[in-house]
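Morning, everyone. One structure today, and a quick walk through it. Here it is.

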Amino acid sequence: MSHPEHAQAAGAADAHAQAHIRCSGLWKHYGRGPSRMTALQAVDLAIAPNEFVTLVGASGCGKSTLLRTIGGLESHDAGELVVDGRAVDGPGPDRAMVFQHYSLYPWLTVIDNIKFSRRLAVHTQDRSSADVEAASGRADALLRLMGLGHVAHAYPGQLSGGMQQRVAIARALMSRPPVLLMDEPFGALDAQTREVMHDLILHVHRLERTTIVFVTHDVEEALYLGQRVVLMAPRPGRIDSIHAVPLGPRRSQDMKLAPEFVALKREVLARIRATSGLQTDHELLEQLSQAATLDQTR
Ligand SMILES: Nc1ncnc2c1ncn2[C@@H]1O[C@H](COP(=O)(O)OP(=O)(O)OP(=O)(O)O)[C@@H](O)[C@H]1O
Ligand SMILES: [Mg+2]
């Protein structure tokens, strides 16, 4: 008979082996000599197929580095990084990325921006015209899903920030990537547009069964979207703790007021504060206000 702890350990090992994305003892450094710094220290993380994982942590803790490494845009110095059973050695069509600043082609219409990567693939891989037609159908469907059907022929410059980001997400989804890597994709949006985008991305996650890794500064956003929240700490960049979100897969905005949501938010915020090494310097603020008062009386 197996001991419960052993069973748990075996379960964890199993999850590690069956992971869609698996980082084992991943190290990454930047710079040389005295300016060499450790951006990722022995990162171990297994992400299951169709899981939605969010990465949070103080500025500079390595969230973007980890995401870009999984995306194949950065190399790692040691350890193992495997996506879908294959070692990552560069970017690939199986991993789409969305960044905070949507990089749409300003000279192409919305629909052509969405179809662009597919067109390129058709062009370079000599696909049949049936492929092009199927791609057109998907582009239209994605456009409608994003609520952008009415602006298909507009240019990016004619759209609001939220609309442009929806175009960027539709473009990323165009090739049905099994993995979607998002780096603060809603960071520049207003609060209301963000809420709409949250429900949209959760819908896409359910519908397309994508595995999503999502970086954010916003703990509430991380808890609302993620099934697990990975908290990273800086200097050296590392995983501090991993928190399972105690909410089912169907989320609604009022869940943000649930006691277990608020309790986890408080715990994660406190941990980020503790690991950031930053705190409000009340003494310095006091000095500044005294200096300002002196200036005014002069
Ligand atoms: N190309 C680079 N060259 C040198 N150092 C880098 C480079 N990219 C990142 N770093 C350093 O690596 C560390 C981690 O950076 P990273 O951008 O991954 O942090 P982050 O958690 O995404 O921060 P933020 O929340 O501010 O976006 C930081 O100290 C940063 O200065
Ligand atoms: Mg970053």
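Start at the ligand. β2 (37–47) and α2 (63–70) each supply at least two residues of the shell around ligand 1. Helices (H or I, at least four residues) and strands (E, at least two) are DSSP runs, numbered from the N terminus. α2 gives the largest share of that shell, three residues.

Ground rules. This is a predicted model: local features need pLDDT of at least 70, side-chain atom pairs count only at pLDDT 80 or more, and totals for chains, interfaces and linings use all residues. Residues are numbered from 1 along each chain as its sequence is written, with chains lettered from A and ligands numbered from 1 in the order in which they are written.

Back to the shell. Of the 14 residues around ligand 1, Tyr30, Ser59, Lys63, Ser64 and Thr65 come nearest. Near means a C-beta atom, placed from the backbone, within 6 Å.

Now the sheet. Four strands form an open sheet, ordered β2-β1-β4-β5, with antiparallel pairing. β2 and β5 (86–87) are at the edges with a single partner strand each, so one side of each has no neighbour in the sheet. Pairing takes at least two DSSP bridges between two strands. β1 (residues 21–30) and β2 are joined by seven bridges. Leucine 26 stands opposite valine 43 in β2.

The peptide bond from arginine 235 to proline 236 is cis, with omega near -5 degrees. Proline 236 is in the loop between β9 (228–233) and β10 (238–244). Arginine 176 has a positive phi, near 50 degrees. Its loop runs between α5 (161–173) and β7 (179–183).
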